[in-house]
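Let's work through a few exercises together, one step at a time. Keep the structure in view and try each task before you read its solution.

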Amino acid sequence: MEFKKCDRCGAFFASNDNVCYNCSTKEKADFAKFKNYIEGNNISDINSLNGLSIESGISEKTLNRFLNNEDFSDIANQINL
């Protein structure tokens, strides 16, 4: 287990995760919302991170974290981010 800084709130915590315990519920909810949005919409119409944020209701900071995840690298390439 490592001492880390939470990617969401900036608090320091000890864990193997990237977000602290207090933020983990919100992170999981945003991730599920992101996956549902990607699966249910034509993402090729979106040409900016700001547009994706507005359409999905997820902050740009959180979207950056999700899109930098290797599971979604193909999506980031599709929307030219």
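**Exercise 1. Work out how α1 and α3 are oriented to each other.**

Step 1. In this predicted model, the axes of α1 and α3 cross at roughly 75° and come within 11 Å. Axes here are lines fitted to C-alpha atoms, for helices over the stretch in contact, and angles run from 0 to 180 degrees between N-to-C directions.

Step 2. Compare the angle with the classes: under 35 degrees is roughly parallel, over 145 roughly antiparallel, 65 to 115 roughly perpendicular, and the rest oblique. The helices α1 and α3 are therefore roughly perpendicular to each other.

Step 3. Find the residues in contact (heavy atoms within 4.5 Å). From α1 come Glu27, Asp30, Phe31 and Phe34, and from α3 come Thr62, Leu63, Arg65, Phe66 and Leu67.

Step 4. Sort them by class: Ala, Val, Leu, Ile, Met, Phe, Trp, Tyr, Cys and Pro count as nonpolar, Asp, Glu, Lys and Arg as charged, and the others, Gly among them, as polar. This contact has five nonpolar, one polar and three charged residues.

A note on the ground rules: residues are numbered from 1 along each chain as its sequence is written, and side-chain values use heavy atoms, with hydrogens and water left out. Since the model is predicted, local features need pLDDT of at least 70 and side-chain atom pairs count only at pLDDT 80 or more, while totals for chains, interfaces and linings use all residues.

**Exercise 2. Describe how α2 packs against α3.**

Step 1. Helix α2 covers residues 49–56 and helix α3 residues 60–67; their axes are 9 Å apart, at an angle of about 105°. That makes α2 roughly perpendicular to α3.

Step 2. On the α2 side you will find Leu49, Asn50, Leu52, Ser53 and Ser56, which meet Glu60, Leu63, Asn64 and Leu67 of α3. By class, there are four nonpolar, four polar and one charged residues in this contact.

**Exercise 3. Which residues bring α1 and α2 into contact?**

Step 1. The axes of α1 and α2 cross at roughly 100° and come within 11 Å. These two helices are therefore roughly perpendicular to each other.

Step 2. Lys33, Phe34 and Tyr37 of α1 make the contact with Leu52, Glu55 and Ser56 of α2. Three of these residues are nonpolar, one is polar and two are charged.

**Exercise 4. List the elements of the chain in order.**

Step 1. Helices (H or I, at least four residues) and strands (E, at least two) are DSSP runs, numbered from the N terminus. The protein chain has four helices and two strands.

Step 2. Reading from the N terminus, the order is β-β-α-α-α-α.
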